[in-house]
Protein chains: 2
Amino acid sequence: MSLTEFQSIRDYFSKQTVQRPDVKLGIGDDCALLSVPENKVLAVSVDIMVSGVHFPEQTAAEDIGYKSLAVSLSDLASMGAEPAWVTLAITTPAMDEAWLTDYCRGFFSLADAYGVQLVGGDTTHGPLTITTHVGGYVARHQALRRTGAKPGDLVFVTGTIGEAGLGLKIKQKHLELPPQYQHLSARLIERLNRPTPRVEIGQALLGIATSAIDVSDGVAADLNHILEASGVGARLEVQQLPVSECFSTVFEQVGGWAQPLAAGDDYELLFTASEESKNELHQMAAEYNCAITCIGQIEQQPGLRCYIDSTLLELESMGYEHFK
Amino acid sequence: MSLTEFQSIRDYFSKQTVQRPDVKLGIGDDCALLSVPENKVLAVSVDIMVSGVHFPEQTAAEDIGYKSLAVSLSDLASMGAEPAWVTLAITTPAMDEAWLTDYCRGFFSLADAYGVQLVGGDTTHGPLTITTHVGGYVARHQALRRTGAKPGDLVFVTGTIGEAGLGLKIKQKHLELPPQYQHLSARLIERLNRPTPRVEIGQALLGIATSAIDVSDGVAADLNHILEASGVGARLEVQQLPVSECFSTVFEQVGGWAQPLAAGDDYELLFTASEESKNELHQMAAEYNCAITCIGQIEQQPGLRCYIDSTLLELESMGYEHFK
């Protein structure tokens, strides 16, 4: 790719309408200049997405654009931070105008929805890889961390769990839904390609949640991250997991309860809060039109114990499901 | 690569001794939390380095580690910002402990020298690609930009120009220095692999330089960036370029003056300042033990005009020299 071609890639990314007052200098110099509001700290996170690893190779450019920002916004959500700006580093095999136009449509639809400004980027030639680096703001000493879970706290999760994983199986033709659930296929694939970062709920949880994380590796793996960081354990009531309405009909095919426990990519929020917060969370669920389900309780004894009808499960694998 | 292997990559990057007071939360959660000093703005920049494009494939891991941070610090330097923290996104073909140990040695040697803390990262499996995202601080309204060059301003450059390009030719065996200059080969290759980000001089130029950029694409191309951003032109006295002491002996072989004009990767600072600043810059050069050379003057008429002995040059190519 020539320099001129790369220049034209940059032109694609300079057309955003969002212009934030805290962005003092955006794209076009050696650095962007940002003014962080007083009494706030800056939350930053970086995510790499590689074609064929983090999304199937045949994924539509618009979905890749959306998802590459969504996973980063989800990191901000899990700290309770308000998204502000993003930089984008794209390695791409070729200058493909149609692909870039579609990518930008997906990326900017989400960026514009959250008032997130693209403030810098770099582009190079190589296998398709996208690295996003987001910045957001959160009140000092308020950010949700993984470290605050205490014995007695309840464990909650937003939305539904395992749907992105089912979407992947459908997309890879490893699963076909029974006729009466065929209409759900598109929604499950949408859950995979267009996860909803729980940005508003993340901020609403400030002062309520004692710890939080987003579900990218799977409920079991991500809850383990909280448990290890907080030095506690948990009892998880597996049947309380808020699964897809079609889950019971494909139960055997997808590996039973291990599926929602281990499937990644849902980008829901997994958090802990005191028992007294239950009413408040109930109201929050109504306000944001998003289920908030209690799925377990923090215990003093380290480790994660998963129960079905009071029987302790032994799960062989509770990690992230790789695409290949 | 398994998750466990990736975890061990993360362990390599969690061992830094630098602990900054403005880093409220470093590696280990969904985001890092940073407290930007009052009255400062945050300068951020992102750079991708791809093996075989931004550095020759056989480059030592320690040099790659050093250079991947150096190019980002150079972006901060060109704005006059003080480096603070960095995130690192590495795509690597395999978990190679020796390679990672060497990479970290190079990366942290430079990070520690400037008190830069690694606050986050991501690692994936794929062709070797390194994306660094740096953050630094600069007093409000003080940052050096590309936009402030005015007719009459002089054009200056730090250090020497074209040495990294000569180092690349030597490394690629496209050039052999004459016997009396053989001893310079190692230094020229070092200029390629271990550029010196002009961090201190960048900060010292605050309030003096009217515009600035770092020389990554080549003097001619980067000066053009300033000219376009400032809406001015310039006269460049090519023979004033501070070239390597061996340059005249390889003059014909390397393409004459086009070499220092077009060669990239020197990471010197190219800036403009008023004629009255000359004495101050002279003192600065002595203080930082780094040449600061006047190479031209800003003019009202747009465009870059390069002169040798009052003769206008016509340069076919003034862009970045790709590795391949």
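Modeller: What follows describes that contact and then the sheet beside it. The model is a predicted one. Chain A has two domains, domain 1 covering residues 3-139 and domain 2 covering residues 154-312. Taken over C-alpha atoms, the centres of domain 1 of chain A and domain 2 of chain A are 27 Å apart. Where they touch, domain 1 of chain A supplies 17 residues and domain 2 of chain A supplies 18 residues.

On the side of domain 1 of chain A that touches domain 2 of chain A, two or more residues each come from α2 (61-79) and β4 (82-92) of chain A. The largest share of that side is from α2(A), with 11 residues. By type, the residues on that side of domain 1 of chain A are 9 nonpolar, 4 polar and 4 charged.

Now the sheet. In chain A, 7 strands make an open sheet of mixed pairing, ordered β8-β10-β7-β11-β9-β12-β13. Its edges are β8 (209-214) and β13 (311-312) of chain A; each has a single partner strand, so one side of each lacks a neighbour in the sheet. The helix α2(A) packs on this sheet, where it touches β8 and β10 (269-273) of chain A. The direction of α2(A) makes about 170 degrees with that of β8(A).

Elsewhere in the sheet, strand β9 (residues 233-237) of chain A pairs with strand β12 (residues 303-308) of chain A in the parallel sense, over 5 bridges. A:L236 has A:C306 in β12(A) opposite it.

Definitions and conventions
Residues are numbered from 1 along each chain as its sequence is written. Chains are lettered from A and ligands numbered from 1 in the order in which they are written. This is a predicted model: local features need pLDDT of at least 70, side-chain atom pairs count only at pLDDT 80 or more; totals for chains, interfaces and linings use all residues. Domain bounds come from an automatic or database domain assignment. Two residues are in contact if their C-beta atoms, placed from the backbone, lie within 7 Å. Helices (H or I, at least four residues) and strands (E, at least two) are DSSP runs, numbered from the N terminus. Ala, Val, Leu, Ile, Met, Phe, Trp, Tyr, Cys and Pro count as nonpolar, Asp, Glu, Lys and Arg as charged, and the others, Gly among them, as polar. Two strands pair if DSSP finds at least two bridges between them. Axes are lines fitted to C-alpha atoms, for helices over the stretch in contact, and angles run from 0 to 180 degrees between N-to-C directions.
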